[in-house]
Amino acid sequence: MKNPIPRSIWVEKGQPDFVQIIDQRLLPHEKRVNDLKSTRDCERAIADMEVRGAPLIGITAAFGMYFAAIEALRHDDGITCLEKKAGFLKATRPTAVNLAWAVDQQMEVYRKHGFNEKLPGVLFENACRLMEEDAEMCRSIGQFGLALIEQIAREKNGGTVNILTHCNAGSLAVIEWGTATAPIYHAHQKGVNVHVWVDETRPRNQGANLTAYELGEAKVPHTLIVDNAGGHLMQHGQVDIVFVGCDRLSRTGDAANKVGTYLKALAAGDNEVPFYVCLPSSTIDWGVSDGVSEIEIEERNEREVKYMPGMLNGRIEEVLICPETTPAYNIGFDVTPARLITGLVTEKGVCEASEDSLTRLFAESTPKAS
Ligand code: MRU
């Protein structure tokens, strides 16, 4: 099977001086490619959401650490400089654990290798390795999730399987395939009839701007809905399964994802619609036990709630949708407790959202108690 749309980040062969990304703030209206040439560029791309989605910001940060090593070697105080830049990268967005995970992976390589002129090359290779590993993990999530869709298709005698998704946990949020979209792409390529309900996902509209764009490019049948429509569709038997992504999973199976995910899980539970969270193991935070109280939730600028961007007369414009003086509160994520999750679709298989199941599935990567 082939990844349905081009990658979101890449390095041109023989040109390691810069990394290229698609500027996701402009999609679907404009496809602009930006070059990242420094740690600062990577920090800015993550903070301003030129790149977004937990795995993709992790990989961008891994390349940021490569640039950090180049920049630190030019400083008298090189090691302190490298450590500081690692901290800046980690601080760009607080909820998605893949970011800290990727920076820590690079710091681990630095500690083993030492601080010398070969370090940038070693960190570059490691960033490329993490990028390929992410693509492979998502492909595998797709294979395991496919079985869930095929099961429903059999129960419906080949009828269309209606899937609801929130935000963009698609190819654009990772390197290839996506997490929540990976099973959908695999099913579609295998000829299973699927149709996707795409939540618009206010305030930044990642569903409308990115998921709808991706599914359109991949020719997967889909329909855009407002965020509040999902409950009604579930009550009327129009949703067979929900697939969402994840920004940080506690070891007990609580899942932080784009704000609004929790409400979809409540509606799914009330209507006995299976609710699956799809994630690679780089999204598991083994240090967190209670997701609701322990996961830091990103608070973003109130402007994103008050103004709506879109295409107007051939230009991307922003319009005010409330009185200018209205106060707004903009939280980026919420946490769905494990009890509302039917299962987790990971690169190693599908498991229950519980500490026991996660520990069994990821036995060798689970940190040992001291
Ligand atoms: O704020 P964003 O666009 O970075 O949020 C993205 C999500 O919430 C995704 O669902 C999540 O990162 C999973 S990506 C495979």
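A polar contact is a pair of N or O atoms within 3.5 Å; within protein, one atom must be able to donate a hydrogen and the other to accept it, and residues adjacent in sequence count only if both atoms are side-chain atoms.

The model is predicted: local features need pLDDT of at least 70, side-chain atom pairs count only at pLDDT 80 or more, and totals for chains, interfaces and linings use all residues. Residues are numbered from 1 along each chain as its sequence is written, and side-chain values use heavy atoms, with hydrogens and water left out.

View 1. A polar side-chain atom of Gln-206 lies 2.9 Å from a ligand oxygen atom. For Arg-93, the distance from a side-chain N or O atom to an oxygen atom of the ligand is 2.8 Å. Asp-247 places a polar side-chain atom 3.0 Å from a ligand oxygen. Of the 420 Å² of accessible area that the ligand has on its own, the protein covers 99% (Shrake-Rupley method, 1.4 Å probe; for residues, only the protein chains shown count as cover).

**View 2. The shell around the ligand.** The ligand is surrounded by 19 residues, the closest being Arg-52, Arg-93, Gln-206, Asn-257 and Lys-258; a residue is near a molecule or strand if one of its heavy atoms lies within 4 Å of it. The shell comprises 9 nonpolar, 6 polar and 4 charged residues (Ala, Val, Leu, Ile, Met, Phe, Trp, Tyr, Cys and Pro count as nonpolar, Asp, Glu, Lys and Arg as charged, and the others, Gly among them, as polar). Helix H2 (54-73) and strand S9 (255-258) each contribute at least two residues to this shell; helices (H or I, at least four residues) and strands (E, at least two) are DSSP runs, numbered from the N terminus.

**View 3. The loop containing Pro-28.** Leu-27 and Pro-28 are joined by a cis peptide bond, with omega about 5°. Pro-28 belongs to the loop between strand S2 (19-22) and strand S3 (33-36).

**View 4. The loop containing Pro-203.** A cis peptide bond, with omega about 5°, links Arg-202 to Pro-203. The loop that holds Pro-203 runs between strand S5 (194-199) and helix H7 (206-217).

**View 5. The loop containing Asn-157.** Asn-157, a residue other than glycine, has a positive phi, near 50°. Its loop lies between helix H5 (119-155) and strand S4 (161-165).
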